[in-house]
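I opened my notebook to record what I looked up, one topic at a time. My starting point was the sequence and the model shown here.

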Amino acid sequence: MFKKLRIFTIILTIFSLVGCVSIPFQPANHTDECIAYYFQTKRQVTEVFDENTLTIGLVVTLSLLNSAFSPIFLAPILTTPYIHYKNKVKSDEILNQWKAEKCGMIGKKEIISERPPIGL
């Protein structure tokens, strides 16, 4: 019984890693507008990350507390991969919008700007 539970927990954890929220640690490029909106974008993505962490923690804690009454209360833990994925999509949307509108990047290609990057 416990061996199956451990295997299930490991598989659930692996699926949850697919939906991790990534926070940008540096601007996408060195244009003035991109740098100006970098901190705002980083704050928005960090808020999504914090929301993700708190929601998952609450779901897991309540599920484990209620599992003393019946194993059926472990069902909300199955929603954690979906919650991770939903928040990852939300953060990716924020990052893509910032890169497209403020940094002049479409996909992975950068639009050529009129002035060279800072420091050259």
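**Ground rules.** I noted that this is a predicted model, in which local features need pLDDT of at least 70 and side-chain atom pairs count only at pLDDT 80 or more, while totals for chains, interfaces and linings use all residues. Residues are numbered from 1 along each chain as its sequence is written, and side-chain values use heavy atoms, with hydrogens and water left out.

**Whole chain.** I found four helices and two strands, which are DSSP runs numbered from the N terminus (helices are H or I with at least four residues, strands are E with at least two). Along the sequence they follow the pattern α-α-α-α-β-β. Of the 120 residues, 23% count as buried, where buried means under 20% relative accessible area, exposed over 50% and partly exposed in between, with a 1.4 Å probe and protein chains only.

**Helix H3.** I checked its length: at 1.5 Å a residue, the 29 residues of H3 should span 42 Å, and its end C-alpha atoms are 42 Å apart, which agrees. The expected span is 1.5 Å times one less than the number of residues. I then listed buried residues of H3, among them Tyr 38, Thr 41, Val 45, Val 48 and Asn 52. An α-helix has 3.6 residues a turn, so residues three or four places apart point the same way. The buried residues of H3 pack against helix H2 (32-36) and H4, contact meaning heavy atoms within 4.5 Å.

**Aromatic rings.** Which residues do ring pairs link into a cluster? I found Tyr 38, Phe 39 and Trp 98. The structure holds two aromatic pairs. The rings of Tyr 38 and Phe 39 have their centres 4.9 Å apart and their planes at 65 degrees, so this pair is edge-to-face. The rings of Tyr 38 and Trp 98 have centres 6.1 Å apart and planes at 45 degrees, so that pair is tilted. For the terms, I wrote down that rings of Phe, Tyr and Trp (its six-membered ring) pair if their centres lie within 6.5 Å, and that planes under 30 degrees apart count as stacked, over 60 as edge-to-face and the rest as tilted.

Tyr 38 lies in H3 (residues 38-66) and Trp 98 in H4 (residues 80-101), so their pair ties together parts that are 60 residues apart in sequence. Tyr 38 is buried at 5% relative accessibility, and Trp 98 is buried at 4%, whereas Phe 39 is exposed at 58%.
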